[in-house]
Structure formats: structure tokens, C-alpha cells
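This report treats aromatic contacts, a helix and a disulfide in turn. Please consult the sequence and the structure shown here.

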Amino acid sequence: MSRARIISLAVPFLLLTLVAPAPAGAAAGTHHLVRQGTSLTAGYGRVTPAYRRTIDRVAADARAAGPVDRSSSARALVDAVVRCATFEGQRYCLGSGWTDRTQAQVRAQAVSLLERPAARPMAVTTTGDLSAYDALRQAARLSPTQRAAAERAELTEAARSVAKVWLIRHQIQRVPLPRGFFAHHPEVRRTVGRTSTGQDSGGIARFKPWRAYPTKATVLHPAQVTAQSRTYWCGPTSMQMIAWGWQQKRRSQQHWATRLGTTTSGTAITSMVRVVNDATGYDKATYAGPYITLDIGDWTFNQWKLLIARHVVDYHAPVVLHPVLLARFYPYLDHDGSGHFQVGRGYKKRPGKTPLLGYFEPWNQQRFHPDEPFVDRVQWRDAYRSYRANEAHFQHDIGV
């Protein structure tokens, strides 16, 4: 146990209700510790009988779909694999996370992606994100029983994070909470004290605007970084850096590739979120709560940057960024790359300009192509470009 963690355990109970200990490796002086007036989050909820019935129905559909032939059309493949479930008014689609889109819309996009001429042969440098084609083919290779079991596990974890989804929709997108929300979700973390940024009768910060956040904030130590050692390991390397900041122990990229189920085709965003929850404490209700895969395809830039600030300042937790690595968004690239993972870990406000986003970049093109420019691990880049890169990804989602 680290010295910082031991000290935190010795703090009187009253202080513990106001201050949460920073994980080992936290950067100093970045406004992490004060929990008074911070935004709401939630721990893991229970799987209600209604949720269980929904999960059972989707799993039954997986068995009924039967085996998927490799020669199946794009439509047949998508119909057999892509399914969504609704929990308390929030929709979760397997493989792509929480979304405002309907199942029909998600399926239509998947079919469109598979039918593109460039969907199968790779026309760009691949860095390790799982393409739509490979993700669907991996699911199709499972037997109906295996697929039903995998879907049941994914949906069960999703169902336990419904309160977290509602809170994000409410606090950032200003969607009203359902009647009786707090009574139905005791896992919601209540903050202590009063705040000028908005509260209810229980002293809960409902809406915290961008202006209420400090000028600069970061998490994770900039020395705890590394470059991916294989072209398809951006996921394992991002996970390595996230866990290193929490555990204060550097495990190998191979270790994280195994935990993530990474193949030569890459890593899925849902696997990234699952392993962050399993292998770190960032999913605790005193930090970010359970990480979720969230579709932000219809989010504005202001909402997106507020989500980053909320995670870094209020929750002292990194963000799993999921952009497409295009040269127009990342000027350090010589040419376009594939979908990608990065570790969001800070921001800097700039008067009169868009803020900068701080992130760890696992991709160093020079490692695999010596004639190309070196790419630094620690990056500070225009946040709007990163937002656009995330929007340009076919899944346009993020791990928070």
C-alpha cells in the first residue's frame, strides 16, 4: 500500500466525507481532492427483475438466431449479431454501448460500413482498434450458446450502470431525471455541502458549468508512459498506462492484451471499459463510478469538453479516448491511421481560444517506420480537433 493511501486512511471520518484520496501516482496541485460540490456519479446498481427479463430476452434472441455462415450477407450478419436492450429508458447496444440511436439505426449503420468497398481490405495504417467488420466477424464465429453467454455478461454489466448513464444525460445534456430516481438508485453518490453551481435539497450538485472548473487539471503521471510495441496494441498500451497510474506497477502490454482479448485485428472499446472496471479502482463511486461505453455522436463540443473536465477534476479519473487517427486532426502524423485508443488525462483553458486536451498517445509511427517523424507520448493538442476525431470514428463513442 502506498504512503499516500495509508495517510488517507488515517484522516478523520468527517474529512473523509469531504475529501477522497487520490490514487497513487496522482499529479500534485491539480484540484483533485475537494469533493464538496462536485458532480454526481453512481456506484454499481442491482440487476432488477425487469432488467433480468430484458437480458433473458436478448440472450434468447441470440440462441434463436442460430449459427452465422461466413458467406452470409452483410444484412444477415448484422441482424444475427447486432442487438440492443433498453433499461429504464436508456438503450444499450451490444458492442457499441449506450446510445440514443434505435436498434434499426445502429443496424443500418453497421450494414453500410460492411458494404463499403474499403471495409475489408485496410486502406490506412492500422494501430489496433477493432474495425466494424472484424468485430462482427468475431461475434459471428461464436456458437449461438457462446454468443448468448457473452451477450448476457455484457448486458448484465451494462444494467448495473444505468444510474451513471442517467446522471451523465442529466448533468451534461440536461435531460430530466425520471420520477423517483434517487429512491430507485441508492447507489448514487451524494456530495456534501453547498455549491454555487446548482444543488437540490440534499446538497447535490446538479449542473456544474465549464466556467466553474479550474484553468488546468491533469491526472496520471507524465513519466508513466510507453509506446505500443506492436502495431495492433494501442488498446493494451492505453490500458497499461491507465492501470500503471492506479496500481503504481507497470505490467506488460502482453498482460493487458490477454486481459482485453486483443487479437491481431485489434481491441474493442467495450473490452477497454470492462478491464478498466476490473483492474483499477477508478470505477469506485468515490471516483468515476463504473466506466461505460457512451455514444457521443450527437454531442456538441461544449458538452464533450465538459465531460472531460468532469472526469478529470471531479472524479480524478482518466478517459478512454476512441478517435480515428487522421492526419487532419493530428499534425504529427505523416499519413492517416485507423481507429485508435488514447488516454485522456487533462485539459488547459485558453482565453479566446479552444482549450487544449492532454492525453497519452501510444502510437509512435517511427517505431515501425524509421523514416517517419517521432511521436511524443505526452500530448497537448487542440481539444476541438480531438473532438472531431472522435466524432469521425464510425462508433463515435468514448469510455467514461
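## Charges over aromatic rings

A charge is taken to sit over a ring if NZ of Lys or CZ of Arg is within 6 Å of the ring centre and within 35 degrees of the ring normal. In this predicted model, Lys349 meets that description, lying over the face of Trp210 at 4.9 Å from the ring centre. Lys164 is placed over the face of Tyr291, and here the distance from the ring centre is 5.7 Å.

## Aromatic pairs

A pair of aromatic rings is described by the distance of the centres and the angle of the planes. Rings of Phe, Tyr and Trp pair if their centres lie within 6.5 Å, and planes under 30 degrees apart count as stacked. By this rule the count comes to 16 aromatic pairs. One of them is formed by Phe301 and Trp304, a stacked pair with 6.2 Å centre to centre and 25 degrees between the planes. These residues are three apart in helix 13 (residues 301–314), so about one helical turn separates Phe301 from Trp304. Phe301 and Trp304 are both buried.

Trp363 and Phe368 also form a pair: because the ring centres are 5.3 Å apart and the planes stand at 20 degrees, this pair is stacked. How do the two partners stand in terms of burial: is Trp363 buried or exposed? Trp363 has 3% relative accessibility and therefore counts as buried, whereas Phe368, at 22%, counts as partly exposed. The cut-off behind this assignment is that buried means under 20% relative accessible area.

Elsewhere, Tyr51, Phe87, Tyr92 and Trp98 form one aromatic cluster.

## Helix 10

Helix 10 spans residues 234–247, which is 14 residues. From its first C-alpha to its last, helix 10 reaches 20 Å, close to the 20 Å expected at 1.5 Å a residue. Helix 10 is mostly covered, with 13 of its 14 residues buried. Cys234 has 0% relative accessibility and so counts as buried. Gln248 follows helix 10 and has a positive phi, near 60 degrees.

## The disulfide

A disulfide is a covalent bond between the sulfur atoms of two cysteines. The structure holds one disulfide, and the residues joined are Cys84 and Cys93, with an S to S distance of 2.0 Å. What is the handedness of the disulfide of Cys84 and Cys93? The torsion about the S-S bond is about 100 degrees, so the disulfide of Cys84 and Cys93 is right-handed. Both Cys84 and Cys93 are buried.

Technical notes: Residues are numbered from 1 along each chain as its sequence is written. This is a predicted model: local features need pLDDT of at least 70, side-chain atom pairs count only at pLDDT 80 or more; totals for chains, interfaces and linings use all residues. Side-chain values use heavy atoms; hydrogens and water are left out. Rings of Phe, Tyr and Trp (its six-membered ring) pair if their centres lie within 6.5 Å; planes under 30 degrees apart count as stacked, over 60 as edge-to-face and the rest as tilted. Helices (H or I, at least four residues) and strands (E, at least two) are DSSP runs, numbered from the N terminus. Buried means under 20% relative accessible area, exposed over 50%, partly exposed in between (1.4 Å probe, protein chains only). The expected span of a helix is 1.5 Å times one less than its number of residues. A disulfide is a pair of cysteine sulfur atoms within 2.5 Å.
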